[in-house]
Amino acid sequence: MNDNASIPDLSNLWMPFTANRQFKQRPRLLASAKGMYYTDINGRRILDSTSGLWCVNAGHGRQEIIDAITRQTSTLDYAPGFQMGHAGAFEAAAAVAKIMPAGLDRIFFTNSGSESVDTALKIALAYHRSLGEGSRTRFIGRQRGYHGVGFGGISVGGITPNRKAFSGALLPAVDHLSHTHSLEHNAFSRGQPAWGAHLADELEQLIALHDASTIAAVIVEPMAGSAGVLLPPKGYLEKLRAITEKHGILLIFDEVITAFGRLGAATASDFFGVVPDLITLAKGISNASVPCGAVAIRREIHDGIMNSAAGGIELFHGYTYSGHPLAMAAVLATLEIYEREKLFARASAMAPKLEAAAHKLNGVRHVVDVRNLGLVAGIELAARPGAPGTRTEEAFQACFDQGVLLRYTGDTIAVSPPLIVEDEQIDRLFATIKSVLEKLD
Ligand SMILES: Cc1ncc(COP(=O)(O)O)c(C=O)c1O
C-alpha cells in the first residue's frame, strides 16, 4: 500500500516478532503519530486501537512528555546508575511507588518488560537465599503465559513457538499451571468469566509434587494480553494468593500490560483486590516515549535482602540504563498526565462502552468468542481448517487498509485502545472489524 511514497532499503533490519519476508513484500510503514492516530508514509490516518503495543496509554505525542524529555536531555543526558545517582530516578521511584498497592514501595528500574521479569525472578531467588532458604529455586509459570523474551521469561512463559527453538537452554527448574481459557465454559463472557477458579488448585498439586521448599515464586499475568486476551476466572487470583501465602512462595504479577490504567485502575492488583509480592511493569510507565520498565517490590523483600548482605553491594544486578535520566523524566511526566486527566477512572468509565460494542460481534461470521475486561477486548475467530491464524492475519491487514490498527495472536484479535479513546472511535473500530469479518473466507 506504499505505492506513492519512497520506501527505504528494507534489507538490513531483522524485524522482531515479524514475518520479515512477507512484511518486506508489502511493508506497513508509519511516519508520525498524534493522539489516537498514526499517519503512515502515504499520509493515511490510522486509528490506533492497540495503544501501539499496549503501551501508549495516554495517547501519542503528549506535549508534556516531549517537553520533559527535551529539558532532561539538554540538562543531564546520562548518569551512571551504579554507585551514582540523580534526583530524577529517586523522584520517579517515589511516584511509581505512590500508585502501587500498599506495601510494594521499593522500585527497581529496568528498560523493558522482559528485563523486569528476569529482575523479579532474580529478586525472588535472592530473597529466599537471604532467609536461608536457598533451596527455593523453582518457578511456576502458566501455559500460554507471556513474560517477555529473556531466558527467564521464556522459561516461565508458556507460548510454545517462543520456547521451542531455545528449549535446550531454558531454566532447569520450572513447572507450569494450566491456562484458564475455555470456550466450552466461558464463551462470550462479559468481564471475568464465572468458570475456572478451581484451576488454581493445580498449584497445590505442583507443590505436592515438588515440595514447597523447592519453589521460589509463582508468576502469572493477572490478565494475559499477548497470548490472546485470557481473563482470570472469578476467584482464581484470590486462590493463587492464598496458596502461595500458605506455602511461603512469592507471587509475582506480570503487569507489563495491565498496569497504568488498562483495566481502569492503577494496577490489575488494585482492580482485582489481590496483592502479590512483586509486580513487573513497563510499557505504560513512560507512555512508551522512552523505553523503561520497573519492578515494584514488597518492602520486606527489599529489606530482607538489604539486611542479610554482609556489606557492599546487596544485589548483583542492574542495567547500564536502569533509571536513565530521559526515561525518568518521561515516567514523571507520564504519571502526572495519568493523575491530572484521571485516565484510569476514564478507562473504567469507557469500559462498558467497549464491552457493549465488542459483544455486538456475537453472531458475526467466524466469531466464536468475544471477551473483555477494562479497555481490552478479545475477538476469537474459528480457525481456518488446516491454516490456524490466517483469518486473523487477513483481518489485521484488511482493517489496516481501512485505517484501523489491530493486534492479533493466533486466532484472536486484540483491541486495547489508548485510555483517551472516544465513543465514536470505539464504534468505528468495531464497525470496521465487523465489515472485514463479513467479507473474510
Ligand atoms: C505480560 C508481559 N510481560 C512481559 C512483556 C515483555 O515486555 P518487553 O517487550 O518490553 O520486553 C510483555 C510484552 O508484551 C508482556 O505483555
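Keep in mind that the model is predicted.

Let us begin with the sheet. It is open and has 7 strands, in the order E4-E10-E9-E8-E7-E5-E6, with mixed pairing. At its edges you will find E4 (106–110) and E6 (174–177), each of which pairs on one side only. On average, and with direction ignored, neighbouring strands of this sheet are turned by 20 degrees against each other.

Now look at E7 and E8. Strand E7 (residues 215–220) and strand E8 (residues 250–254) run parallel and are joined by 4 bridges. Here Ala 217 stands opposite Leu 250 in E8.

Helices pack on this sheet too. Helix H5 (residues 113–130) touches E4, E5, E7, E8, E9 and E10, and the direction of H5 makes about 30 degrees with that of E10. Helix H10 (residues 236–246) touches E7 and E8, and its direction makes about 145 degrees with that of E8.

Next comes a pair of helices. Two packed helices are described by the angle between their axes and the distance between the axes. For H3 (residues 63–75) and H13 (residues 325–340), the axes come within 8 Å and cross at roughly 155 degrees. Angles over 145 degrees count as roughly antiparallel, and H3 and H13 are therefore roughly antiparallel to each other. The crossing in which H3 passes H13 is right-handed. On the H3 side, the contact includes Ile 65, Ala 68 and Ile 69, while on the H13 side Leu 326, Ala 329 and Ala 330 are among the residues taking part. By class, this contact of H3 with H13 has 10 nonpolar, 3 polar and 3 charged residues.

Note on methods: Residues are numbered from 1 along each chain as its sequence is written. This is a predicted model: local features need pLDDT of at least 70, side-chain atom pairs count only at pLDDT 80 or more; totals for chains, interfaces and linings use all residues. Axes are lines fitted to C-alpha atoms, for helices over the stretch in contact, and angles run from 0 to 180 degrees between N-to-C directions. Helices (H or I, at least four residues) and strands (E, at least two) are DSSP runs, numbered from the N terminus. Angles under 35 degrees count as roughly parallel, over 145 as roughly antiparallel, 65 to 115 as roughly perpendicular and the rest as oblique. A crossing is left-handed if the near helix is turned anticlockwise from the far one by less than a right angle, and right-handed if clockwise. Two residues are in contact if their C-beta atoms, placed from the backbone, lie within 7 Å. Ala, Val, Leu, Ile, Met, Phe, Trp, Tyr, Cys and Pro count as nonpolar, Asp, Glu, Lys and Arg as charged, and the others, Gly among them, as polar. Two strands pair if DSSP finds at least two bridges between them.
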